[in-house]
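Me: Hi! I'm new to reading protein structures, and I'd like to go through this one with you. Could you help me get started?

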Amino acid sequence: MIGVDAGGGDRLALGVLTQYRMATTEQMHRVIAPSVRIEQTRRRLARLRAEGLVDRITLPQAGRTRVWFPTAYGVQLASEWPEMRGHRPSRTVSDPTAVRLKAGHTLTVTGTALAFLEDARRHGDLFRPLDWIPEVHHPIGSGEAVIPDALLYYRRGPADGDNGAMLRAFVEVDRATMGPERLAAKLPAYERLYRYVPAVPGRRPTLQEPVLEEWRRRYPLFPRVLFVLDGTGPAGVENRISALRAGAGLLAPSRFLHDVPVLAASLADLLQDSPSAPVWRPVRDPDPDQRVPWTGSVHRQT
């Protein structure tokens, strides 16, 4: 029947919770239905909970904020959808204790996604809620992997156009819970991912069929790397950017930083000015006053 809602809104809500891991009521409303009253989102979440697809916990230390997450049944159902295939959450995503313990970081990651999503809506860029994919596993050999907080797909320009630039970025959200040196240690891991070529038993590369870097199986060009800094004041942000720049200096003579834009910005600046504003600091450039938009051409365009 034409005009009948066949569960599209419910499907998006469950898909977002399954992919994002968790979100507050307000975050869910802003992601899936900002043009309607929040009461409609509350009713939708309550209905999904009654159907056993989502559940919630209450954070007493945050003004009794309700945090929603998918149940095991909800994850099982959503993971079968084509748009969710290949992006399955961890086994603890439906555990209330794990949700409570991870809430601080994961809700900040969701808030970062919202900053990009609302910015795209303002500019008419193409960035849908499910274009933000948390914790995609990228092997780098020896049993190790790079797992960014999120991978985003973003197309500049009118949503109905075909001439906008396609941007991809790995996003690392840092809440100042680890020292600056540990934050900077993420750079060598990304550099390893950039040059990692998986070993194929019994096969030697040839000119006709060379073995390529692992990331080329997923991306035409290596995604940008965006560090979003939170949980500290301006002095702490400067300290962490200085650590990232010091870590970048240790990567020479690798071409990674020449070929891949690596940028850092505070979450406070993203929320105040927007992610597309010139608030990002190039990690490769020691100039403390340089600010660029993440969507601009820093070294090359993705």
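This is a predicted model: local features need pLDDT of at least 70, side-chain atom pairs count only at pLDDT 80 or more; totals for chains, interfaces and linings use all residues.

Me: Great. Which residues touch the most other members of the largest nonpolar core?

Reply: They are F116, W132, L152, W280 and W294, in a core of 44 residues. Helix 5 gives the largest share of this core, six residues. A nonpolar core is a set of buried Ala, Val, Leu, Ile, Met, Phe, Trp, Tyr and Cys residues joined through side-chain atoms within 4.5 Å. Buried means under 20% relative accessible area, exposed means over 50%, and partly exposed is in between, using a 1.4 Å probe and protein chains only. Helices (H or I, at least four residues) and strands (E, at least two) are DSSP runs, numbered from the N terminus.

Me: And what lies apart from that core?

Reply: Another core, of 28 residues, with Y194, W215, L244 and L251 among them. In soluble globular proteins, nonpolar side chains tend to be buried together.

Me: OK, new topic. How many cavities of 30 Å³ or more are there?

Reply: A search of the whole structure turns up one, and the volume of the largest cavity is about 100 Å³. On a 1 Å grid over the protein atoms alone, a cavity is a set of points where a 1.4 Å probe fits but cannot get out; a pocket is an open set with protein on both sides within 12 Å along at least five of seven lines, and lining residues have an atom within 4 Å of a point. Grid points are joined across faces, edges and corners, and a volume is the space filled by probe spheres set on the points.

Me: What lines the largest cavity?

Reply: Its lining includes Y20, R21, H105, W132 and D149. Helix 5 supplies the largest share, four residues. By class, the lining has four nonpolar, three polar and three charged residues. Here Ala, Val, Leu, Ile, Met, Phe, Trp, Tyr, Cys and Pro count as nonpolar, Asp, Glu, Lys and Arg as charged, and the others, Gly among them, as polar.

Me: What about the largest pocket, what is its volume?

Reply: About 340 Å³. Of its 18 lining residues, T24, T25, E26, Q27 and T65 lie nearest the centre. Helix 5 gives the most to this lining too, with five residues. The classes there are seven nonpolar, six polar and five charged.

Me: And the second largest pocket?

Reply: That one holds about 280 Å³ of space. It has 17 lining residues, and I147, D149, E172, M178 and K186 lie nearest its centre. Strand 6 (144-146), strand 8 (166-174) and helix 7 each give two or more residues to the lining.

Me: Is helix 2 enclosed or open?

Reply: Helix 2 is largely enclosed by the rest of the structure, because six of its eight residues are buried. The buried ones are T25, Q27, M28, H29, V31 and I32. They pack against helix 1 (8-20), strand 1 (23-24), helix 3, strand 3 and helix 5.

Me: Where does R121 lie?

Reply: R121 is in helix 5 (residues 96-123), and it is partly exposed, with a relative accessible area of 37%. Setting aside neighbours within four places in sequence, R121 is in contact (heavy atoms within 4.5 Å) with R30, V31 and P34. Its side chain also reaches the backbone oxygen of V31 at 2.6 Å.

Me: And E191, buried or exposed?

Reply: E191 counts as buried, at 10% relative accessibility. This residue lies in helix 7 (residues 186-195). Leaving aside its neighbours within four places in sequence, E191 is in contact with L251, S254 and F256.

Me: Last one: which phi value does S142 have?

Reply: S142 has a positive phi of about 55°, although it is not a glycine. Most residues other than glycine have a negative phi. S142 sits in the loop between strand 5 (138-141) and strand 6, and at 74% relative accessibility it counts as exposed.

Definitions and conventions:
Residues are numbered from 1 along each chain as its sequence is written. Side-chain values use heavy atoms; hydrogens and water are left out. A polar contact is a pair of N or O atoms within 3.5 Å; within protein, one must be able to donate a hydrogen and the other to accept it, and residues adjacent in sequence count only if both atoms are side-chain atoms.
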